[in-house]
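These are my notebook entries on a structure that I had not examined before. I record what I looked up, topic by topic.

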Amino acid sequence: MAELIDLLEDVEQIQPGVHFHNLIGQDRVKDVLSRAATTGRIAHAYLFLGEVGSGKEAAALDFARILLCMSEGDRKGQRSAALPCGKCDSCVQTEKLTHPGFKVLFPQPKPQPPKEGQDGVDAVEQYTAAQRKQMDALMAAKADDYYTSLSVSGGNEILIEHIRALRSEFRLTSYSGGWRVVLISQADRLRVQAANAFLKLLEEPPANVVFILTSSRESRLLPTILSRCQVLRFARIDQDTLRDELIARLKVKPDKADAAARLADGSWKQAVDWARGDPAKETMKVVELLRDLLRGDPGRLDELVDYWGAASRSGDFAGMLERMAHWLRDVQTYDADPSSAKELARDEHLVKFATFTEGRNFEDALDAIDEARLDIERHVQTTLIAYNLFSTLRKVLFRPKGK
Ligand SMILES: [Zn+2]
């Protein structure tokens with residue numbers, strides 16, 4: 001303990017607010033990671049758990065910037081309060097996600113198998129030009145906005161080939177001072193084989209390598225992974241922080257920022273989404289869709305499936321589903337006890353809608369929406385997702401009771 005106090009006195013504390021400038025809210029996480037960087041007591045593997053849009057990857061990237069900055073010498077792995085400097089080559093490269101000591105793994109499509117005589121070629125080299133272009137564009141978008149989701153078409157799992165490539169890279173290249181950071185995004189998509197390869201890597205941890213795994217689906221993580229990492233939980237971001245950051249970062253007008261922060265469910269991504277669109281109009285789109293389902297005209301159902309199932313609209317579809325889940329949770333709250341849901345009772349659309357869905361099983365409806373959101377991420381064919389979801393919602397929400 002005395003030793004720890006010495007360390008803390010010796011090195012000025014990293015200031016969480018200043019040095020995690022991309023991460024929004026999450027003061028406790030900033031605090032833990034700042035302390036780790038300041039003292040040099042850094043875990044081999046972290047697991048960041050939290051809802052989509054809570055800032056897990058933004059935290060990982062900010063943490064990487066602190067660890068990788070080369071503006072001054074490392075003292076026994078400790079980082080001083082001045083880092084990251086934002087100016088050195090390391091900082092510039094990390095910011096652009098091109099730092100050689102910083103790797104990002106995320107669910108990617110399986111590459112073509114090597115052609116004859118191509119043994120030993122890096123798995124990454126096997127992607128088609130179009131696939132590579134798509135992934136490069138994604139990384140550029142991520143560098144531009146740390147809250148961008150790492151999702152590409154056909155990317156269903158984190159490939160064992162990529163874990164193996166990491167392993168051989170760490171074995172071959174010698175440690176030349178400084179840290180190396182590996183971000184494994186959506187670690188719940190490590191299937192058994194890839195997870196085992198990763199655990200092997202963790203058993204004999206390469207020097208000065210920090211693994212940061214992220215996941216929004218704790219229940220889908222393999223227990224062996226969970227037990228090997230230091231877990232940090234990301235809370236929902238509070239409304240005041242979301243509101244203030246929308247105003248400060250995106251120059252959103254206060255009224256709109258207020259509304260967006262309220263609707264965002266503690267997610268920065270959702271807050272931005274709401275702030276960029278027109279919340280009232282977007283909500284009406286959802287209500288109209290549900291009304292159409294309620295009317296039950298089969299021709300209209302086909303039209304809706306065609307519209308929302310268009311592959312080019314999958315981003316809008318995902319956003320719409322988030323809004324739909326939000327709206328149905330409000331209806332559910334009102335349905336459970338209209339007299340105590342005073343604010344909701346002022347919304348005439350909601351009250352009218354609730355008369356059609358009185359006492360229905362909202363949990364089943366919300367589960368179906370969740371499943372659909374997951375399917376979009378898995379790149380299941382969107383017309384199929386739309387058809388299944390809309391049929392289920394109609395059954396669950398609008399079928400008269402007892403039938
Ligand atoms: Zn620097």
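**Entry 1: a helix crossing**

I began with two helices, H13 (residues 279-295) and H15 (residues 314-336), whose axes come within 9 Å and cross at roughly 80°. Axes here are lines fitted to C-alpha atoms, for helices over the stretch in contact, and angles run from 0 to 180 degrees between N-to-C directions. H13 and H15 are therefore roughly perpendicular to each other. For that wording I noted the classes: angles under 35 degrees count as roughly parallel, over 145 as roughly antiparallel, 65 to 115 as roughly perpendicular, and the rest as oblique. Helices (H or I, at least four residues) and strands (E, at least two) are DSSP runs, numbered from the N terminus.

I then looked up the residues that meet. On the H13 side they are Glu282, Thr283, Lys285, Val286 and Val287, and on the H15 side Met320, Arg323, Met324 and Trp327. Contact requires C-beta atoms, placed from the backbone, to lie within 7 Å. By class, this contact of H13 with H15 holds five nonpolar, one polar and three charged residues. Ala, Val, Leu, Ile, Met, Phe, Trp, Tyr, Cys and Pro count as nonpolar, Asp, Glu, Lys and Arg as charged, and the others, Gly among them, as polar.

**Entry 2: the model and its conventions**

I noted that this is a predicted model, in which local features need pLDDT of at least 70 and side-chain atom pairs count only at pLDDT 80 or more, while totals for chains, interfaces and linings use all residues. Residues are numbered from 1 along each chain as its sequence is written.

For the whole protein I recorded 19 helices and five strands. Of its 403 residues, 35% are buried. A residue is buried if 20 or more other C-beta atoms lie within 10 Å of its own, exposed if 12 or fewer, and partly exposed in between, with C-beta atoms placed from the backbone. Among contacts between residues at least 6 apart in sequence, 73% join residues at least 24 apart.

**Entry 3: residues at the crossing**

I returned to Val287, which lies in H13. Val287 is partly exposed, with 17 other C-beta atoms within 10 Å. Setting aside neighbours within four places in sequence, I found Val287 in contact with Trp327, His349 and Phe353. Its C-alpha is 9.6 Å from that of Leu328, 41 residues away along the chain.

In H15 I looked up Arg329. Arg329 counts as partly exposed because it has 14 C-beta neighbours inside 10 Å. Arg329 and Ala365 are 36 residues apart in sequence, with 9.8 Å between their C-alpha atoms.

**Entry 4: the nonpolar cores**

Which residues have the most contacts inside the largest nonpolar core? I listed Val181, Ile212, Leu213, Ala260 and Ala271, in a core of 68 residues. H4 supplies the largest share of this core, nine residues. A nonpolar core is a set of buried Ala, Val, Leu, Ile, Met, Phe, Trp, Tyr and Cys residues joined through C-beta atoms within 7 Å. Beyond four places in sequence, Ala271 is in contact with Leu242, Leu246, Ala260, Ala261 and Ala264. A second, separate core has 24 residues, including Val305, Trp327, Phe353 and Leu393.

I checked H4 (residues 56-68) next: its 13 residues reach 18 Å from first C-alpha to last, close to the 18 Å expected at 1.5 Å a residue. The expected span is 1.5 Å times one less than the number of residues. H4 is mostly covered, with 13 of its 13 residues buried.

**Entry 5: positive phi**

I noted as background that most residues other than glycine have a negative phi. Leu97, which is not a glycine, has a positive phi of about 65°. Leu97 lies in the loop between helix H5 (89-95) and strand S2 (102-105), and counts as partly exposed, with 18 C-beta neighbours inside 10 Å. Apart from neighbours within four places in sequence, its contacts are Phe102, Val104, Met139, Lys142 and Ala143.

Lys251 also has a positive phi, near 55°. Is Lys251 buried or exposed? Lys251 counts as exposed, with 8 C-beta neighbours inside 10 Å, and lies in the loop between helix H10 (239-250) and helix H11 (254-263).

Technical notes. Contact = placed C-beta atoms within 7 Å.
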